[in-house]
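Open the model in your viewer and keep the selection panel at hand. The tour goes from stop to stop.

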Amino acid sequence: MTPRPDPLTVEVVELIGTVVARYHEEYERAAADHSLTGAQARLLRLLAMEPMPMRRLAQCLKCEPSNVTGIVDRLEARGLVERRPDPADRRVKLAVPTDEGRATAERLRTSLDFAGEPLGRLTAAERTLLKQLLQRMLGLGEEAAEEITEPGAGRARPGR
């Protein structure tokens, strides 16, 4: 039998779930304000960071490649994304944001207020600690765990 988590762990998990739910609600609302679905907005955000092959987009979005094809088709029809051959392997097609696609992704990113307001209630040191704890929970590098023991290490940015 699996041991039951302690009450503190249960409360922390519930709070994390609430934060995630609120973020998704705002993200969907912001996407709709830009006439995008949440999936289209997430794909556009990923492409604004770097062009990607369809298969990799599907992995990042945790969906089937055929779903990504449909999302890219709709974004391409709106002039936000285009397909180009991968210079490293011309058999592979990259999804690439157009200038308008990059601008839309930036407007979407800056329109998200959710993180800024609650994080604004925390001091820079508290945001830094929260960032480091989340990195540690996610196993994002040993340096994240080491920084927690160093007061004032790292740099927090509201809204990130």
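Two strands pair if DSSP finds at least two bridges between them. Helices (H or I, at least four residues) and strands (E, at least two) are DSSP runs, numbered from the N terminus. This is a predicted model, where local features need pLDDT of at least 70, side-chain atom pairs count only at pLDDT 80 or more, and totals for chains, interfaces and linings use all residues. Residues are numbered from 1 along each chain as its sequence is written, and side-chain values use heavy atoms, with hydrogens and water left out.

**Stop 1: the sheet**

Select the three strands. They form an open, antiparallel sheet in the order β1-β3-β2. Now show β3, residues 89-97: six bridges join β3 to β2. Which residue stands opposite R83? Pick A95 in β3.

**Stop 2: salt bridges**

A salt bridge is a side-chain nitrogen of Lys or Arg within 4 Å of a carboxyl oxygen of Asp or Glu. How many does the structure hold? There are nine.

- Show R84 and E82: their side chains meet at 2.4 Å, N to O.
- Go to D89 and R91, a salt bridge of 2.9 Å, N to O. R91 is exposed at 75% relative accessibility, while D89 is partly exposed at 23%. (Buried means under 20% relative accessible area, exposed over 50%, partly exposed in between; 1.4 Å probe, protein chains only.)
- Move to helix α5, residues 99-111. R102 and D99 both lie there, three residues apart, about one turn of the helix. Their closest N and O atoms are 2.9 Å apart.
- Return to R83: salt bridges link R83, D73 and E76 in a network.

**Stop 3: the nonpolar patch**

Select L8, V12, I16, V20, L130, L134, M137, L138 and L140. Together they form a nonpolar surface patch with about 830 Å² of accessible area. Patch residues have over 30% relative accessible area and no salt bridge; nonpolar side chains (Val, Leu, Ile, Met, Phe, Trp, Tyr) are joined within 5 Å, like charges within 9 Å. Areas come from the Shrake-Rupley method with a 1.4 Å probe; for residues, only the protein chains shown count as cover. Colour α1 (7-33) and α7 (124-138): each supplies at least two of the patch residues. End on M137 in α7. Buried or exposed? M137 counts as exposed, at 59% relative accessibility.
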